[in-house]
Amino acid sequence: MKPTMFTTILIANRGEIACRIIATCRRLGIRTVAVYSDADANSRPVRLADQAVHIGPSPARESYLVIDRILAAAKQTGAEAIHPGYGFLAENDGFADACAQAGIVFIGPPSAAIRAMGSKAAAKILVRQAGVPLTPGYDGANQEPSFLKQQADAIGYPVMIKANAGGGGKGMRRVDSRAQFAAALLSCKREAAASFGDDSVLIEKCLIHPRHIEVQVFGDTFGNIVSLFERDCSVQRRHQKVIEEAPAPSITQQLRDALGHAAREAARAVGYVSAGTVEFLVDRDGGFHFMEMNTRLQVEHPVTEMITGLDFVEWQLRVAAGEPLPLNQGQISLRGHAIEARIYAEDPAHDFLPSIGKLVHLKTPSPSPHVRIDTGVEQGDTITPFYDPMIAKLIVWDETRELALSRMTRALSECQIVGVANNAAFLRRLLTSPSFTAANLDTSLIEREQKWLAYESAATPDSAVIIAALSVVLRERAAAESASDANSPWAMRDGWRVNATYMRSLVFTQNDRETAAVVEYRAHDYRIAIGHASHTVTGQMRYEVSIDAVIDGQRMQATVVSVDGRIHVFLDRQSHVLTLNDPLEISGHDHAKESGLIAPMPGRVVALLVQPGEAVEKGASLMVLEAMKMECTIHAPAAGRVQSFFFAAGDQVNEGVELLHFDRDAPGGH
Ligand code: MV4
């Protein structure tokens with residue numbers, strides 16, 4: 001009897017992976033049911049799915065992790081199967097069992113396989129019996145501290161202590177000498193007990209600067225198991241993958257074959273079905289060691305899809321519906337090279353803190369056979385504090401690694417993100433780093449390239465400042481025209497000023513540096529001067545954010561998005577952020593905005609520009625600070641006078657300290 005494919009499936013997940021699963025179902029004619037929390041009520045997967053069911057409040061504990069709610073949603077919508085995606089309930093054996101009990105197919109491995117791989121020590125024992133190479137160590141039941149220390153001494157330092165229930169670097173300690181072992185063991189067990197409710201650990205020889213190479217495997221319910229080459233995921237930051245690629249660069253065919261064989265044996269040892277990933281640590285001399293198995297479809301599965309031309313969600317659906325694997329090992333082949341970069345709403349300048357907010361402007365490169373974008377958001381959506389702040393995965397393919405790499409840097413430069421801080425520029429730096437370009441990959445790459453990554457980009461080019469100035473002028477003009485203000489010089493279409501030209505100065509701040517653009521309004525164009533260089537400029541705005549400009553006869557196309565007084569200019573594959581200093585505002589500096597009178601950064605007082613008691617206009621320059629070789633001016637928040645300065649020229653000031661006492665003039669006075 002030929003098994004029948006599902007009519008309706010429910011996706012117990014959110015974000016990009018929910019969208020990814022919907023895309024395949026759409027292609028196969030399968031109806032999809034999304035589930036959503038409060039925060040995700042109007043999310044992209046909810047918009048894309050055929051049906052959507054609310055399952056609870058925003059915290060995942062009260063929604064995406066509540067098994068009963070998800071099963072109720074499946075029953076209510078007639079879904080025959082549930083795809084768990086990754087994270088949340090994907091590797092929860094209890095959920096797989098609950099699905100079975102409810103008569104719903106869990107699109108994933110058997111619960112026994114999830115359980116078997118859920119404990120590091122149990123997994124090691126199982127795969128060792130299957131002949132898979134392991135990191136030398138002790139993974140037995142004896143948890144006596146003195147016994148474990150003996151084991152560590154015998155293995156030889158450095159060693160790793162790993163919680164059996166651990167994952168993602170949690171519950172892991174490196175111990176460099178026997179003197180440190182006892183304390184490290186205690187602290188590791190304490191963390192494991194608190195985090196996992198299981199303080200059992202294993203001891204391993206510590207590998208120095210290993211590569212993280214993982215193998216994609218697939219099994220079906222007929223006992224067939226295939227491997228689909230490997231991915232190198234060595235580029236990580238605090239155990240978070242940043243860049244993944246397939247195949248792993250510069251490994252021998254012999255190692256590739258051995259990894260594939262070992263991965264299939266590991267999967268076979270637990271009766272694996274569906275998509276899985278076997279992770280290995282590979283040392284410099286090509287020795288490889290089983291680390292763990294992830295019993296789910298991984299975030300980085302697209303790079304393997306790109307080099308094999310396959311759709312792993314389709315394979316999962318077929319296998320879950322009882323079909324055999326679509327291909328056997330001999331029919332699976334590898335072509336070209338694929339790279340994935342994860343674009344996150346996080347701030348590299350502030351220790352990669354997640355950045356919450358609305359994606360005011362979001363542009364990603366156009367998809368093509370070379371470029372794939374997997375995302376769960378669109379422009380206008382919000383990155384909330386409740387979930388992983390991923391914006392998109394960018395995946396590129398080409399015939400060689402070099403070509404794929406240049407595709408990736410180009411694709412990243414085509415990403416425009418305004419509204420949240422993001423790591424796109426960091427990723428570009430990383431991808432062009434000496435280690436990455438030379439495929440000198442290991443788990444310390446980011447550390448090793450700190451200097452390269454910290455490099456500050458050069459000053460904003462004049463063209464970007466001109467575009468910013470032009471955007472201000474053109475937007476004012478458009479506003480004036482739409483208001484049809486007859487008195488406005490900008491409302492007159494021809495020769496705005498007949499005999500005189502109108503000049504004004506726009507002062508922009510970028511990275512605490514000030515640049516003035518002096519704009520001269522002329523009959524048919526603008527003259528815009530930056531410093532001593534004067535330029536002839538014409539231009540028009542399209543679709544609110546796009547500017548077509550001609551600067552000194554050179555055509556330029558730019559995108560300009562203004563949010564919260566910050567002007568984001570995307571020009572020539574670079575992005576620049578400028579703040580227009582409004583002379584009527586307190587100050588151009590965000591920090592100084594509230595009072596205008598506190599130091600926006602730690603630095604040195606360069607000059608006091610007014611006498612205490614002297615009457616000043618609103619916006620007058622009062623004081624100059626210098627920090628990190630840049631000057632910044634403190635302006636008068638209103639008309640009034642400085643009663644007293646708290647510092648003298650040459651004094652050091654800390655960030656946030658009050659600089660002076662300012663008395664505002666009484667309203668109506670002066
Ligand atoms: C190791 C190791 C060195 N030697 N085990 C980190 C996460 C956890 N799943 C396993 N991890 C490691 N285990 C031995 N015996 C180094 C790491 C490791 C690591 C592994 C893969 C990718 C990035 C990493 C970053 C730091 C440490």
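Let me begin with the rule for an aromatic pair: rings of Phe, Tyr and Trp, the last taken by its six-membered ring, pair if their centres lie within 6.5 Å, and planes under 30 degrees apart count as stacked, over 60 as edge-to-face and the rest as tilted. By this rule the count comes to 13 aromatic pairs.

Before the examples, a word on the model: it is a predicted one, in which local features need pLDDT of at least 70 and side-chain atom pairs count only at pLDDT 80 or more, while totals for chains, interfaces and linings use all residues. Residues are numbered from 1 along each chain as its sequence is written, and side-chain values use heavy atoms, with hydrogens and water left out.

Take F280 and F288, whose ring centres are 5.5 Å apart and whose planes stand at 85°, so this pair is edge-to-face. Both of these residues, F280 and F288, are buried, where buried means under 20% relative accessible area, exposed over 50%, and partly exposed in between, with a 1.4 Å probe and protein chains only.

F312 and W315 also form an edge-to-face pair, because their ring centres lie 6.3 Å apart with the planes at 70°. F312 is buried at 0% relative accessibility, and W315 is buried with a relative accessible area of 3%.

Elsewhere, ring pairs link Y64, F88, F386 and Y387 into a cluster.

Finally, charges over rings, meaning that NZ of Lys or CZ of Arg is within 6 Å of the ring centre and within 35 degrees of the ring normal. The charged end of R401 sits over the ring of F436, 4.5 Å from its centre, and that of R429 sits over the ring of W452, 4.2 Å from its centre.
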